[in-house]
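Student: I would like a close look at one part of this model. Please keep it brisk and connect the pieces as you go.

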Amino acid sequence: MKKYSILLLLLMSLAWGCNDKAFLDKQPTNILVDSQIWADKSLVLSVIADLYDRVPEFQTITNWSEFASLDEGFASNAGDYGRHKNTEYGYGEWSNWDYGLIREVNMFIEKCGTADKLDPADKSRFLAEGRFIRANIYFELVKRMGGVPIILEPLTYDFNGDPTYLRKPRSKEVEVYDFIIKELDEIKVDLPKSSVIKSRATQGLILAMKSRVCLYAASIAKYGATTPTVTLPAGEVGIPAGLATGYYQKALAAAEELINSGDYSLYRKKENLSENFSNLFIDKGNNPEAIFVRDFKLKSGKVEGWTLVNQPWSQAEDLEGGRLNPSLNLVQSFEKLDNTYETYATNKADGDYIYFTSPKDMFANRDARLEGTVMLPGSFYKGKQLDIWAGFLLADGTVIKGDNFGARKTLPGKTAAEYVVGFDGPIDNLEFSAQSGFYVRKYMDLAVGSGQRGVMSEVWWIRYRLGEIYLNAAEAAFELGNNAKAATYMNIVRERAGLIIPLTEADITFDRVVHERKVELAFEGHELWDMKRWRLAHIIWNGQSTELTTNPGKADEVSTRVFGMWPYKYYNPGGANDGKYVFQKIIPAQVTNAHRFRLGNYYSDINSTIRNNNPLITRNPNQE
Amino acid sequence: MKLQLIIILGVLSSFLYSCGLDNYDAPGSVLEGRLVYNGEPINVSYNDVTFQLWEPGWQKKAEINVAVDQDGSYSALLFNANYKLIIPSNQGPFRSKLNAESASDTILVNLNGNKVLDIEVEPYYMIRNPLFTVAGRVVTGTFKADKIITGVNAKNIEEVAIYVNKTMFVDFRSNVAATTLAGSAISDLNAITLSTTVPALVPTQTYVFVRIGLKIQGIEDLIFSPIVKVNL
């Protein structure tokens, strides 16, 4: 008994000695609370940096495979061959209903509004940025879904048993566009006017985004009239045709204000125009054209793997590369320097092949953006020549090729084995080889180590650049009947691409507008949204296995499968043309079905869970 | 020991008994039929035309989608219940007919056991008297395009086409040979002729399947003729 009481006294004294307050009131080192964040502008910056990064995006350099969803490229990666085997796009494709993210941004805006500990200038800038991000998210929503409920404050459930007051109906598609435009107008004054700031919102960016948003609204109003069943009676989908002109005018005005401000200019630093174009995307020092980017930094944890997954296999710095192969559909769209369209001639009129000394000769005298966007056979990357050739073509028509990179076989008449296929392929069904005959060059980093898994790249992702703004202005001007102005703006962009013969007023047609965007903005994530707003998507991706068009300048040509073109070495020892290159147009073996974009794909599916929870939400059309 | 055995057996038998408690009976009533016009089936492309069955009474509303096959037939394995059958307005190369019982285009289906239900609809066009002939590798089809809906709801023909495929699935997606003719280029709706050349088939096949398709302006789904097998 005595033992226990002494023990008890001992324990009690120990407990008395503990400093409760300090132990129980330790501050967490991994959680920041509102009172801490909203008193320190660097902490607020870290919150908004996270929000900037979370705006939804479809095709970017951080998810390369989505670029193979349509017809710009082939996915030379076994896990993605399915993209070329599916016929229909599911109605849920591209769907987004992330109101959790909207709530977070609304909370940021609400808290920023009451953050009195911040410097007023900082506070108004952060508030403007929060509203900018929110407007961006709504733009991504309306592009995918049409009209959505516009929620501008965090909603809270009062736990009274009746949540029906939280049910908000969809706004009209035009109301969402008007909301975005209004927000952009209102926040502009609180943002810095600086072309040096590129990863945060600036006044220049507001104008750039406004030109794109207004252009989209205008096109939907105008071209939506060609698909009258792609509408909903209460306006959640579809914009009245009469509003088109007004939006085109706003788009043109915003684009011109940005162009005339002189704050940005087209990138012109290299003499070789193809090199100049490819450099535009990887040169982060004093880049006058980039307006808004998603930035990355080496050794920071925020790096991107575009170069890693796309580098040519023959010179890969790691066991990775060669995934996105541009299609012949895209490659043949680049015009000749005299402004004419011409598909690649592989054979002469009499059926004989056309022989080239170097495979690159096939692509001579073309728009400089071709070589700046695509790695062509025979071209160089990081100082080494690419090794794209599919095999030997003998004089009797037989082909000797390999089934692995740089395979070796003995040619007839020779005794020793030699390479019979390039180290970059193309080899059908061999992933990471150039199965379309091309590798992608746009956004490919030239820095040593950028192709290593442990290093990767800090090349940025450009969301808005001045080149697009010129094209926005040209399209708006054309649609308003001002062909002279449209030609002027288009020629500025084309001149940078080596197309120095200017287009005349009469040359500017809808086909020209569509084509220019396709070649200038390839692999920049515009194609789906452009084809949707022009209501061309169901025409060019109509599910039919049509041959590759011979009319690459025509906007409504069917393009449902990705094609390729392979160089072969001609083997005719002692005879004519031995050692020269010939080409064959092919369809990669894994392309077994044609893309089908149905009317119900114009606005993605709002799934039944959302509609059951909120019966006010109307379903998107043509999906039932 | 005996007690343990009894307990184990008791537990095991409760497992088996609970299997019965947990599982639902499988649906056993077949609702089948065809989409027809005056008794004649409406031929469509596979997986493109669907209609909905709704069962009222549940807290959350979700439709049961029923797909219509190439020959206009459908079948669904369901539980016995009162269903509302709706063909959404944008589905199919036809318009729904007014149902007297529901005073709308909804068809009330009281399912109690198997049921055969042919659904009468009003197509914009019907393909009449399709005849196919083969000369060498050229397949020729002649038919009459019968305009069924006239008046304010009428629609024009956007194009007609002849489709040939190696398999029994024949339409604009699935074909080895196809020829189209724009609606504006049709001179006589009563006698339209289309022909297409079948390419060399690997592996060799001495027969193909062919049908005529008609695309109506403003309607996504085409109407077809029945699939016919022809020998090359």
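Predicted model: local features only at pLDDT ≥ 70, side-chain atom pairs only at ≥ 80, totals over all residues.

Student: Which way do H4(A) and H5(A) run relative to each other, roughly parallel or roughly antiparallel?

Tutor: Now the pair you asked about. Helix H4 of chain A covers residues 41-53, and helix H5 of chain A covers residues 99-113. Their axes come within 11 Å. They cross at roughly 150 degrees. Angles over 145 degrees count as roughly antiparallel. H4(A) and H5(A) are therefore roughly antiparallel to each other. The handedness is set too: H4(A) passes H5(A) in a left-handed crossing.

Next, the residues that meet. H4(A) contributes Val47(A), Ile48(A) and Leu51(A). Facing them from H5(A) are Glu104(A), Val105(A) and Phe108(A). By class, the contact of H4(A) with H5(A) holds five nonpolar residues and one charged residue, with no polar ones.

Helix H9 (residues 244-261) of chain A packs against helix H14 (residues 466-479) of chain A. Here the angle is about 140 degrees, and the axes are 8 Å apart. The crossing of H9(A) and H14(A) is left-handed. On the H9(A) side, the contact is made by Tyr248(A), Ala251(A), Leu252(A), Ala255(A), Glu256(A), Leu258(A) and Ile259(A). H14(A) answers with Ile469(A), Tyr470(A), Asn472(A), Ala473(A), Ala476(A), Ala477(A) and Glu479(A). The residues of this contact divide into 11 nonpolar, one polar and two charged.

Now step out to the partner chain. Between the chains, the contact takes 14 residues from chain A and 11 residues from chain B. The chain A side of it comprises four nonpolar, seven polar and three charged residues.

Chain B itself has one helix and 18 strands. Its radius of gyration is 24 Å, well over the 17 Å that the globule rule gives for 232 residues, so chain B is more spread out than a compact globule. The C-alpha trace of chain B spans about 90 × 55 × 25 Å along its principal axes. Of the 232 residues in chain B, 28% are buried. Take the contacts in chain B with a separation of 6 or more: residues 24 or more positions apart account for 65% of them.

Back to your question, in short. H4(A) and H5(A) are roughly antiparallel, and their crossing is left-handed.

Terms used:
Residues numbered from 1 in each chain as written. Chains lettered and ligands numbered in written order. Contact = placed C-beta atoms within 7 Å. Nonpolar A, V, L, I, M, F, W, Y, C, P; charged D, E, K, R; others polar. Axes fitted to C-alpha atoms, helices over the stretch in contact; angles between N-to-C directions. Helix = DSSP H or I, 4+ residues; strand = E, 2+ residues; numbered from the N terminus. Parallel < 35°, antiparallel > 145°, perpendicular 65-115°, else oblique. Left-handed = near helix turned anticlockwise from the far one by under 90°. Rg over C-alpha atoms; globule rule 2.2 N^0.38 Å. Buried ≥ 20, exposed ≤ 12 C-beta atoms within 10 Å, placed from the backbone.
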